[in-house]
Amino acid sequence: MTVRTRFAPSPTGLLHIGGVRTALFCWLYARRHHGSFILRIEDTDRERSTPAAVQVILDGMDWLGLHPDEGPFYQTARYPRYREVIRQWLDEGKAYHCYCTKDELEAMRNAQLAAKAKPRYDGRCRERRDPRPGITPVVRFRSPDEGEVVVEDRVHGDVVFRNAELDDLIIERSDGNPTYNFCVVVDDYDMRITHVIRGDDHLNNTPRQINMLRALGVEPPVYAHLPMILGPDGTKLSKRHGAVSVLHYREQGYLPEALLNYLARLGWSHGDQEIFSLAEMVELFDLDHVNKAASAINPDKLAWISQQHLMRAQPARVSTELAWQFGQLGVEVVGGPPLEAIVLAQRERAKTLQEMAQNSRYFFCSPEGYDDKAARKHLVAEALPLLAQTRAALAALPDWNAPAIHAALEGLAAAAGVGLGKVAQPLRVAVTGGSVSPPIDQTLAIIGHEATLARIDRAVAWVATGGGPGA
């Protein structure tokens, strides 16, 4: 059997991390078993589905690297197929027209509640043969009256539903549009889906879908219903917790592989291992080690995993996303210092690419001002003579690289009888605007010879003209 999984989001909102984890598990399972991963857009809710929401899904999947083998397929493009099945079922007696009005259905529900019975459609139109004047009917699936449906779930084990508690589901609305639960069944059948991996909020839909699959003459696929993702406080995930577009995580500066690593561990485990490459996840992923219990988001854990990936990834890989972050800040990187050098210098100091970019602006442009506390301590009149000597030593360097810069600064500090910090800190503030940066030799090597000298000159002038404390 060739494994075929599908991710089937509805474009009625954002693609958030709950959906992304589902997509990831479907993708991993297909890759693990050398199968196919299908992307299906379930856009039958025409009022709420929007082209913009579809594009967010496609952009998010592309950024994550979860590329489908087939699709995207759109349910709205498959309406003729759905109507074909509905006509077939009507002819075979597996479905029927229901002429009940909203008022009649409401009265039915109220009577059942008053009798302390479970509200469900009572099948009163099952044997009706004549149309009801003035009413456009819906179409209902004729659910089995007896027996039970056993959902053999790979996460939750066997879950049993009595058919007597399942009412006759509407499969076509009065406006002629097919409904979600019906379309899913036809799609899974036509697309030969072997494994349905989805959130456990769909578990109650599964027995109805199994009955409809059997009405099509096929046995159901393997099901695995994933537990919910909760907010850090254990409540339902909301926008304040992270139920935002997955592209928001790109804006925040996470590598997609770091986010996927985090989401994989948010519901699945392989021993005590925490950090996984995509290749490792593909090799190791299975459904047997998916947790049954819901998992809560931990922002600190995500930040830690993010930093681990920044430190382990190839600099060229990180540079691509870092360039995007600089673009968000309005920093032009073309013609500037090499991004890979910045990644190597900063990756142990940043948990996200956004943080790395924000802390690296000075590599591309002279600081607009100086940190007040740092300037008060280091850009003072007393520091000018040593800063001038530093400039002269750096200007005389025939080779501009970190070892040469380090040797020059050490020699200058030794000649002046001071520690290296007395030379490095005023220099650091002069060229970066603050007191924190990678080692000063790396920092200057990246900034460049001419830019370094120009920034020292600017700082000296700033102090000399009264800009600095003690001038």
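Q: Is Arg391 buried, exposed or partly exposed in this predicted model?
A: The model is predicted, and Arg391 sits in helix 15. Buried requires a relative accessible area under 20% and exposed requires over 50%. Because the relative accessible area of Arg391 is 27%, the residue is partly exposed.

Q: Which residues does Arg391 contact, leaving aside neighbours within four places in sequence?
A: The contact criterion is heavy atoms within 4.5 Å. Leaving aside neighbours within four places in sequence, the contacts of Arg391 are Leu453, Ile456 and Asp457.

Q: How far apart in space are Arg391 and His156, C-alpha to C-alpha?
A: Along the sequence, Arg391 and His156 are 235 residues apart. In space, their C-alpha atoms are apart by 69 Å.

Q: Why is helix 18 largely enclosed by the rest of the structure?
A: Helix 18 covers residues 440-447, eight residues in total. The buried ones are Ile440, Asp441, Thr443, Leu444, Ile446 and Ile447. Helix 18 is largely enclosed because the number of its residues that are buried is six of the eight.

Q: Which helices do the buried residues of helix 18 pack against?
A: The buried residues of helix 18 include Leu444 and Ile447. Their packing partners are helix 12 (339-346), helix 15 (384-395), helix 16 (402-416), helix 17 (420-432) and helix 19 (449-464).

Q: Is Leu353 buried or exposed?
A: Leu353 belongs to helix 13 (residues 353-358). Leaving aside neighbours within four places in sequence, Leu353 contacts Gly253, Leu255, Leu310, Val318, Glu321, Leu322 and Gln325. The cut-off for burial is under 20% relative accessible area. With a value of 1%, Leu353 is therefore buried.

Q: How are helix 8 and helix 10 oriented where they pack?
A: Helix 8 (residues 256-265) and helix 10 (residues 299-312) pack at about 135 degrees, their axes 9 Å apart. That angle makes helix 8, relative to helix 10, oblique.

Q: How many nonpolar, polar and charged residues make the contact of helix 8 with helix 10?
A: Helix 8 passes helix 10 in a right-handed crossing. Helix 8 contributes Glu257, Ala258, Leu259, Asn261 and Tyr262, while helix 10 contributes Lys301, Leu302, Ile305, Ser306 and His309. By class, the contact has five nonpolar, three polar and two charged residues.

Q: Which term describes the orientation of helix 5 and helix 6 to each other?
A: Helix 5 (residues 180-190) and helix 6 (residues 206-215) have axes 9 Å apart and pack at about 50 degrees. Angles under 35 degrees count as roughly parallel and those of 65 to 115 as roughly perpendicular. The two helices are therefore oblique.

Q: Is Asn177 buried or exposed?
A: Asn177 lies in the loop between strand 8 (170-172) and helix 5. Its contacts, leaving aside neighbours within four places in sequence, are Arg46, Tyr79, Arg83, Ile171 and Glu172. Because its relative accessibility is 14%, Asn177 counts as buried.

Note on methods
Residues are numbered from 1 along each chain as its sequence is written. This is a predicted model: local features need pLDDT of at least 70, side-chain atom pairs count only at pLDDT 80 or more; totals for chains, interfaces and linings use all residues. Side-chain values use heavy atoms; hydrogens and water are left out. Axes are lines fitted to C-alpha atoms, for helices over the stretch in contact, and angles run from 0 to 180 degrees between N-to-C directions. Helices (H or I, at least four residues) and strands (E, at least two) are DSSP runs, numbered from the N terminus. Angles under 35 degrees count as roughly parallel, over 145 as roughly antiparallel, 65 to 115 as roughly perpendicular and the rest as oblique. A crossing is left-handed if the near helix is turned anticlockwise from the far one by less than a right angle, and right-handed if clockwise. Ala, Val, Leu, Ile, Met, Phe, Trp, Tyr, Cys and Pro count as nonpolar, Asp, Glu, Lys and Arg as charged, and the others, Gly among them, as polar. Buried means under 20% relative accessible area, exposed over 50%, partly exposed in between (1.4 Å probe, protein chains only).
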